[in-house]
Amino acid sequence: MSQCPFRNTLDPDIFTDGKHHQIFADIRERGGALAKIDDPIENIPYWSVMKRDLADYICKHPLAFS
């Protein structure tokens, strides 16, 4: 699997002490509104939606994004 430059956003440990705010800001800055992240726990890559307007669009078009 490729070396993903981003932290796993599904890891519950990033939510302690407010660390997730900086992690998400870094992903938005370097990856934009959508970032592909490799999950080292399950070895399954996933897309992390980082912008509200894009998340709203995806939720309103489930057949295109399922």
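1. Two strands count as paired if DSSP finds at least two bridges between them. In this structure, strand 1 (residues 34–38) and strand 2 (residues 45–49) run antiparallel and are joined by 5 bridges. Leu34 has Val49 in strand 2 as its bridge partner. The two strands form a hairpin with 6 residues between them. In the turn, Asn43 has a positive phi of about 60 degrees.

2. On the source: this is a predicted model, in which local features need pLDDT of at least 70 and side-chain atom pairs count only at pLDDT 80 or more, while totals for chains, interfaces and linings use all residues. Residues are numbered from 1 along each chain as its sequence is written, and side-chain values use heavy atoms, with hydrogens and water left out.

3. Overall layout. The protein chain has 2 helices and 2 strands, in the order α-β-β-α from the N terminus. Helices (H or I, at least four residues) and strands (E, at least two) are DSSP runs, numbered from the N terminus. The C-alpha trace spans about 35 × 25 × 20 Å along its principal axes.

4. Burial and surface. Of the 66 residues in the protein chain, 26% are buried. Buried means under 20% relative accessible area, exposed over 50%, and partly exposed in between (1.4 Å probe, protein chains only). The chain exposes about 5,000 Å², with carbon and sulfur atoms supplying 55% of it. These areas come from the Shrake-Rupley method with a 1.4 Å probe; for residues, only the protein chains shown count as cover.

5. Core. The largest nonpolar core has 10 residues: Cys4, Phe6, Ile14, Ile23, Phe24, Ile27, Ala35, Ile37, Tyr46 and Met50. Helix 1 (19–31) and strand 1 are the elements that give two or more residues to this core, and helix 1 provides the largest share, 3 residues. Such a core is a set of buried Ala, Val, Leu, Ile, Met, Phe, Trp, Tyr and Cys residues joined through side-chain atoms within 4.5 Å.

6. Contacts (heavy atoms within 4.5 Å). Leaving out residues up to four places away in sequence, Cys4 touches Lys36, Ile37 and Asp38. Among contacts between residues at least 6 apart in sequence, 38% join residues at least 24 apart. Asp26 and Phe6 are 20 residues apart in sequence, with their C-alpha atoms 8.2 Å apart in space.

7. Surface patch. Leu34, Trp47 and Val49 make a nonpolar surface patch of about 290 Å². Patches are made of residues with over 30% relative accessible area and no salt bridge; like charges are joined within 9 Å, nonpolar side chains (Val, Leu, Ile, Met, Phe, Trp, Tyr) within 5 Å. Leu34, which lies in strand 1, is partly exposed at a relative accessible area of 37%.

8. Salt bridges. Side chains of opposite charge can pair when their charged atoms come close. The whole structure holds 2 salt bridges, each defined as a side-chain nitrogen of Lys or Arg within 4 Å of a carboxyl oxygen of Asp or Glu. Arg30 and Asp26 meet in one of them (3.5 Å, N to O). Both residues lie in helix 1, 4 residues apart, about one turn of the helix. Arg30 is partly exposed at 47% relative accessible area, and Asp26 is partly exposed at 26%.

9. Helix 2 (residues 52–60) holds both Arg52 and Asp56, 4 residues apart, about one turn of the helix. Arg52 forms a salt bridge with Asp56, their closest N and O atoms being 3.0 Å apart. Arg52 is exposed at 65% relative accessibility, whereas Asp56 is partly exposed at 31%.
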